[in-house]
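Here is a short report on one protein chain. Look through the model first, then read on.

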Amino acid sequence: MKIWKAAKLDFNLLKYYYKSICFTLLIPLAFILLYRTLAVGISFAMFMMAMSSIYTFSVADKNDMQRLYRILPVSVKALVCGKYLHAFLMGILAVSVSGILQPMILGMLGVNVSGKEVMTAVLAGMVLYITYVCFQIPAYYKFGPIKGRVFMYVPVVGILLTMFVVEKADIRTGVLFRMISENRYLGPCLLVLYLAAVVCISIGISVRISKNKEW
């Protein structure tokens with residue numbers, strides 16, 4: 001319950017950035033017109049949303065909200081988990097908008113997209129987004145929104161690598177995916193383990209940084 005309240009606090013902070021968030025949700029729709037590939041389109045949408053994860057840190061720093069955080073009846077761990085919950089919900093919003101509108105746009109362009117392709121692209125987009133966010137948030141806690149601004153561009157590297165892999169995937173990559181697809185339990189298990197490890201490690205680092213930081 002306290003984690004949800006902490007997440008709601010971050011949603012309230014975003015009122016300064018409503019226009020920017022709408023821009024973040026709509027720009028990928030124009031991007032899909034250029035590439036006409038759902039996987040790249042949704043990956044680009046998650047890349048854009050991940051770059052906006054710095055907004056709550058910027059507002060909190062600008063308004064010196066560290067004093068408020070100290071007097072709130074919420075533990076440091078709950079505040080940090082609330083930050084992650086907020087970020088993940090924003091990712092769900094972005095992937096939902098893209099997962100609905102981008103296939104519709106492709107359909108109007110004459111590009112047929114199956115339900116399986118949509119689900120695969122959505123899943124891949126969320127995996128990328130969670131990876132980006134789990135790398136960025138500890139950096140923002142450590143360096144703040146000004147010095148840590150360079151980490152805002154981590155998703156740029158991710159989207160470039162994604163496009164490179166999609167274009168240059170070799171035989172070994174194909175063999176790997178074929179091995180995973182042949183065992184329907186292997187892929188989901190590896191994915192769950194990866195996401196659980198990334199999220200837990202990232203939250204643990206953020207909590208430690210927050211507890212050790214002198215305000």
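What volume does the largest cavity have? Its volume is about 110 Å³. The model is a predicted one, and every value here is computed from it.

**The cavity**

The count comes to one cavity of 30 Å³ or more. The largest cavity is lined by 13 residues. Nearest its centre lie Ser52, Ser53, His86, Ala87 and Met90. By class, the lining has eight nonpolar, four polar and one charged residues.

Which helices each supply at least two residues of that lining? They are H4 (55–62), H6 (76–108) and H7 (115–147). Helix H6 gives the most, with four residues.

Ser53, one of the residues nearest the cavity centre, sits in the loop between helix H3 (38–51) and H4. Is Ser53 buried or exposed? Ser53 has a relative accessible area of 12%. That is under the 20% limit, so Ser53 counts as buried. Beyond its neighbours within four places in sequence, Ser53 is in contact with Gln136 and Tyr140.

**The fold as a whole**

The protein chain holds 10 helices and zero strands. From the N terminus on, the order of elements reads α-α-α-α-α-α-α-α-α-α. Of its 215 residues, 44% count as buried. Take the contacts with a separation of 6 or more: residues 24 or more positions apart account for 84% of them.

H4 is mostly covered, with six of its eight residues buried. These are Tyr55, Thr56, Phe57, Ser58, Val59 and Ala60. Against which helices do the buried residues of H4 pack? They pack against H1, helix H2 (18–35), helix H5 (66–71), H6 and H7. Just after H4, Asp64 takes a positive phi of about 50°.

Tyr17 is placed in the loop between H1 and H2. Leaving out neighbours within four places in sequence, Tyr17 is in contact with Tyr55, Ser58 and Val59. Tyr17 itself has a relative accessibility of 22%. That value lies between the limits of 20% and 50%, so Tyr17 counts as partly exposed.

**Ile42 in helix H3**

Ile42 is placed in helix H3. Its relative accessible area is 0%. Being under 20%, this value means that Ile42 is buried. Which residues does Ile42 touch, not counting those up to four places away in sequence? They are Val95, Ser98, Gly99, Gln102, Ala121, Val122 and Gly125.

Two pairs with C-alpha distances are set out below.

| Pair | Separation in sequence | C-alpha to C-alpha distance |
|---|---|---|
| Ile42 and Leu123 | 81 residues | 9.6 Å |
| Tyr17 and Val59 | 42 residues | 9.5 Å |

**The salt bridge**

How many salt bridges does the count give? It comes to one salt bridge. Asp10 forms a salt bridge with Lys83, and the closest N and O atoms are 3.2 Å apart. Asp10 lies in helix H1 (residues 2–13) and Lys83 in helix H6, so the pair ties together parts that are 73 residues apart in sequence. Are Asp10 and Lys83 buried or exposed? Asp10 is buried, and so is Lys83.

**Helix H10**

Helix H10 covers residues 186–212, which makes 27 residues.

Which residues of H10 are buried? Gly187 is buried, as are Leu195, Val198 and Val199. Further along H10, the buried residues include Ser202, Ile203, Ser206, Val207, Ile209 and Ser210.

Methods:
Residues are numbered from 1 along each chain as its sequence is written. This is a predicted model: local features need pLDDT of at least 70, side-chain atom pairs count only at pLDDT 80 or more; totals for chains, interfaces and linings use all residues. Side-chain values use heavy atoms; hydrogens and water are left out. On a 1 Å grid over the protein atoms alone, a cavity is a set of points where a 1.4 Å probe fits but cannot get out, and a pocket is an open set with protein on both sides within 12 Å along at least five of seven lines; lining residues have an atom within 4 Å of a point. Grid points are joined across faces, edges and corners, and a volume is the space filled by probe spheres set on the points. Ala, Val, Leu, Ile, Met, Phe, Trp, Tyr, Cys and Pro count as nonpolar, Asp, Glu, Lys and Arg as charged, and the others, Gly among them, as polar. The expected span of a helix is 1.5 Å times one less than its number of residues. Buried means under 20% relative accessible area, exposed over 50%, partly exposed in between (1.4 Å probe, protein chains only). A salt bridge is a side-chain nitrogen of Lys or Arg within 4 Å of a carboxyl oxygen of Asp or Glu. Contact means heavy atoms within 4.5 Å.
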